[in-house]
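Please look at the sequence and the structure shown below, and keep them in view while you read.

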Amino acid sequence: MGDRKDTIPNERPPIIPLLAICTIGSATEWCWSAGEAVLVPYLSRHGVKHWVVSMIYLSNPTFGLWIQPLLGRYSDKLNVRLPFVFILCLLACIGLASLLAADKISHIFGLASNKPGNADADDTVFGTAVIIISFISFGISDICFDCLLIPGRALLDDFAVPFGREGDANALFTGFQMVGRLLALLVASSSVTTSGFWGLYNGVDAHFDAVMSTNIVYLIGTVTVVICFVQDIGSTHAEREKLSIGSDIAIEEEGDESDEFINDYRENLAEHEYEEETSCHRPKDKKYQPLSFSANEDDVDYPSDLTVTSQSKRGCYGLDATSLLFVVQAGGWTGITAQVFFWTSWRGEEIGSIDLVMQALVAIVVTIFLPSANNYIGALNIWLGSELIFHLLMISVALIDVQSYSPRIICALCGINYAIHATNALLVAAAVVDDPSRRAQTIAMVNNSLPMGQLLTALFGGTIAQYFDGFQSVFICFGAVGFILTALVWIVSSTHGVFSTKPHAGRERHLSGVSSAPISKLYH
């Protein structure tokens with residue numbers, strides 16, 4: 001995303017490891033989408049009451065809200081990512097396998113068996129033991145899907161940040177997520193899975209068994225690719241090594257000038273670690289500059305694509321930027337999860353699935369142009385603007401007929417925000433925290449807004465739909481609340497400079513004979 005003075009020009013992260021890391025995103029979205037397509041019909045078919053079925057989505061937010069911050073903290077503390085990717089994929093596969101074998105597991109432990117169903121001999125009513133096993137199994141796997149994004153995104157930034165390509169890399173990761181979502185929806189609705197892999201699975205649950213099996217295969221393939229092609233270099237090591245490599249190259253090509261630049265760079269990098277701890281306790285008359293690697297840039301200026309003042313990131317004005325970011329992101333996820341959970345129920349399973357496919361296609365296209373748009377408009381402006389437009393689209397369903405073509409257009413346009421929502425909030429958060437040693441924790445903070453959105457949807461979505469007689473009312477209510485919250489955050493952040501940056505005073509730095517000014521910030 002733009003030229004970076006703390007990186008070596010014209011270099012890119014190695015493409016094969018980068019693509020391998022992005023498969024984590026596609027696997028996560030595949031498993032989400034495939035599960036959402038078949039899980040509720042599967043449980044309902046076996047006599048599980050609707051209010052009990054909706055409770056299965058509470059397991060993730062109930063435990064995920066606590067697990068994700070711990071995962072991010074330990075990933076940063078150990079400065080490793082791959083072991084967490086492997087363990088989470090393994091646990092997810094175990095959860096999915098247990099879900100497929102819930103009935104057999106209940107028999108092995110001598111628990112109550114299923115009760116005979118109605119017409120079909122294969123159609124049985126689940127007993128309490130099978131329901132509990134299914135809920136626990138799905139809960140484990142669903143939590144792992146969410147948590148995979150933390151080491152996955154952190155691993156991505158470990159590779160991309162030293163090259164100044166974190167914006168491009170995160171957009172690529174989101175693109176892979178959207179491709180995974182699209183493929184999962186297509187496979188789940190194709191004859192390949194509806195036939196139970198052409199008869200490999202039989203009975204009334206053949207479709208469910210086939211779809212869940214694809215999740216296991218996809219996860220195994222993903223972890224294999226990542227382990228084979230990705231080296232776990234960690235955040236601090238990656239950026240320090242890049243600096244060392246850049247020093248050698250620059251000294252060889254440019255001599256004393258580059259040598260002096262690298263020495264200044266190292267000194268300011270060390271100063272930044274001290275400034276991080278004391279930013280809220282400096283004298284009031286100190287002149288602050290935008291924060292990149294150094295909080296005091298009177299002598300040397302190293303602009304980055306996304307910078308924030310040290311006061312805003314620490315909440316020295318009484319406004320916590322991370323809290324405001326979390327509010328906006330959680331509001332967005334509440335609307336997105338409501339659409340995912342209830343759209344097919346509102347529109348019909350077949351028509352609604354086509355709507356969601358169109359949404360995924362639009363999101364894929366947006367990820368292609370998103371890095372350039374962030375460069376010219378600003379990641380923060382695009383993020384907040386996209387959230388506002390998304391909430392307005394959700395509100396607009398009040399004005400349309402469910403049987404018309406308008407809902408499909410609205411659903412497709414929501415794909416624009418889906419791509420931006422999953423990418424730009426992470427870029428803004430990275431600027432707010434601005435600490436590579438807390439990279440996974442920062443991603444966990446942003447990612448934790450997803451289970452919060454799921455929790456709000458699970459708790460209030462069904463009640464709103466029942467009270468106002470329809471899922472359309474859920475979209476309208478969540479859209480209205482989300483729009484108000486996002487607008488307030490944007491106004492407050494603009495007024496108090498919570499996310500703002502300050503322009504550089506015309507100073508330039510030279511590296512390898514190349515001079516450039518910052519071309520993108522949070523605000524333009």
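This is a predicted model: local features need pLDDT of at least 70, side-chain atom pairs count only at pLDDT 80 or more; totals for chains, interfaces and linings use all residues.

Rolling a probe the size of a water molecule over the atoms shows where empty space is left. The largest pocket found here holds about 1,200 Å³ of space, and 42 residues line this pocket, with Val40, Pro41, Phe341, Thr344 and Ser345 lying nearest its centre. Several helices contribute two or more residues to that lining, namely α1 (15-45), α2 (50-55), α7 (166-188), α10 (206-229), α14 (321-347), α15 and α19 (449-467). The largest share of the pocket lining comes from α1, which supplies 9 residues. If you sort the lining of the largest pocket by class, you find 24 nonpolar, 12 polar and 6 charged residues.

How many cavities of 30 Å³ or more does a search of the whole structure find? The search finds 4 of them, and the largest cavity contains about 200 Å³ of space. Its lining is made of 19 residues, and those nearest the centre of the largest cavity are Trp32, Glu36, Val340, Phe341 and Gln454. Here α1, α6 (128-160), α14 and α19 each provide at least two lining residues, and α1 again deserves attention, as the largest share of this lining, 6 residues, comes from α1. Divided by class, the lining of the largest cavity has 12 nonpolar, 3 polar and 4 charged residues.

The second largest cavity has a volume of about 160 Å³. Among the 15 residues that line this second cavity, Leu149, Trp333, Ala422, Leu426 and Asn447 are the closest to its centre. The helices that give two or more residues to the lining of the second largest cavity are α1, α6, α14, α17 (406-433) and α18 (439-447), and α17 gives the most, with 5 residues. The lining of the second largest cavity divides into 9 nonpolar, 4 polar and 2 charged residues.

Finally, let us return to α15, one of the helices that give two or more residues to the lining of the largest pocket. Helix α15 covers residues 349-377 and bends by about 45° at Phe369, with a proline, Pro371, following within four residues. After α15 comes Gly378, a residue whose phi is positive, near 110°.

Notes. Residues are numbered from 1 along each chain as its sequence is written. Side-chain values use heavy atoms; hydrogens and water are left out. The bend at a residue is the angle between axes fitted to the seven residues ending there and the seven starting there. On a 1 Å grid over the protein atoms alone, a cavity is a set of points where a 1.4 Å probe fits but cannot get out, and a pocket is an open set with protein on both sides within 12 Å along at least five of seven lines; lining residues have an atom within 4 Å of a point. Grid points are joined across faces, edges and corners, and a volume is the space filled by probe spheres set on the points. Ala, Val, Leu, Ile, Met, Phe, Trp, Tyr, Cys and Pro count as nonpolar, Asp, Glu, Lys and Arg as charged, and the others, Gly among them, as polar.
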